[in-house]
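Please read them with the structure open.

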Amino acid sequence: MLKRFSENEYGVAIDGFDPVAYFKGAAEKGQERYSLKWRETIWRFSSEANRAAFLDSPESFVPQAGGYCALGMSLGKTAKADPRNFVIRDGQLFLLASPMVRRFWRWFGSTARATRKWD
């Protein structure tokens with residue numbers, strides 16, 4: 001059975017990137033001092049304000065497909081995502097493996113298929 005969210009070797013989601021910052025247009029590293037544990041995974045944030053926003057509505061900010069590459073997940077495979085490559089589509093965060101995969105996803109990616117395969 002897969003973990004709920006992709007984690008690094010330290011149990012930190014999305015390699016320590018701030019999930020709230022993506023919705024402000026940036027892939028930004030979080031800081032250890034603004035960490036919290038949610039659903040057995042450590043999440044890091046770049047500010048206390050972002051941490052508080054996440055606490056108010058975590059499901060609004062977590063990456064879809066468990067934080068794995070959304071294109072891989074839509075094909076039924078779990079592939080590690082590079083948190084610097086992301087797309088916000090329909091108000092949801094999708095992480096992708098590389099800039100080339102991100103370009104491909106923008107044209108052909110299926111949010112419904114990625115979500116369905118993860119579920």
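**Notes on the model**

1. Leaving aside neighbours within four places in sequence, N50 is in contact with D18, V20, A21, K24 and F45, where contact means heavy atoms within 4.5 Å. N50 is placed in helix α1; helices (H or I, at least four residues) and strands (E, at least two) are DSSP runs, numbered from the N terminus. With a relative accessibility of 3%, N50 counts as buried, the cut-offs being under 20% relative accessible area for buried, over 50% for exposed and partly exposed in between (1.4 Å probe, protein chains only).

2. On provenance: this is a predicted model, in which local features need pLDDT of at least 70 and side-chain atom pairs count only at pLDDT 80 or more, while totals for chains, interfaces and linings use all residues. Residues are numbered from 1 along each chain as its sequence is written, and side-chain values use heavy atoms, with hydrogens and water left out.

3. Overall, the protein has four helices and four strands, and from the N terminus on its elements run β-β-α-α-β-β-α-α. Of the 119 residues in the protein, 48% are buried. Among contacts with a separation of 6 or more, 52% are between residues 24 or more positions apart.

4. A search of the whole structure finds six aromatic pairs. One of them joins W43 and F54, a tilted pair with 5.5 Å centre to centre and 35° between the planes. Rings of Phe, Tyr and Trp (its six-membered ring) pair if their centres lie within 6.5 Å, with planes under 30 degrees apart counting as stacked, over 60 as edge-to-face and the rest as tilted. The pair links distant parts of the chain, since W43 lies in strand β2 (residues 41-45) and F54 in helix α1 (residues 48-56), 11 residues apart. W43 is buried at 0% relative accessibility, and F54 is likewise buried at 0%. Ring pairs link W38, W43, F45 and F54 into a cluster.

5. Strand β3 has six of its eight residues buried, so it is largely enclosed by the rest of the structure. Five bridges join β3 to strand β4 (residues 92-96), and the two run antiparallel; strands pair if DSSP finds at least two bridges between them. Within this pairing D82 stands opposite L96 in β4. The hairpin of β3 and β4 has two residues between the strands, and D90 there takes a positive phi near 55°.

6. Where does A81 sit? A81 is in the loop between α2 (70-74) and β3 (82-89), and is buried, with a relative accessible area of 8%. Not counting residues up to four places away in sequence, A81 touches G67, Y68, C69, L95, L96 and A97. Between A81 and Y68 there are 5.1 Å in space, C-alpha to C-alpha, although they are 13 residues apart in sequence.

7. How many cavities of 30 Å³ or more does a search of the whole structure find? The search finds one, and the largest cavity has a volume of about 50 Å³. A cavity is a set of points, on a 1 Å grid over the protein atoms alone, where a 1.4 Å probe fits but cannot get out, and lining residues have an atom within 4 Å of a point. The lining of the largest cavity includes G67, A81 and L95. By class, the lining residues divide into five nonpolar, three polar and three charged.

Conventions. 1 Å grid on protein atoms, 1.4 Å probe; cavity = no way out; pocket = protein on both sides within 12 Å on 5 of 7 lines; lining within 4 Å. Points joined across faces, edges and corners; volume = space filled by probe spheres on them. Nonpolar A, V, L, I, M, F, W, Y, C, P; charged D, E, K, R; others polar.
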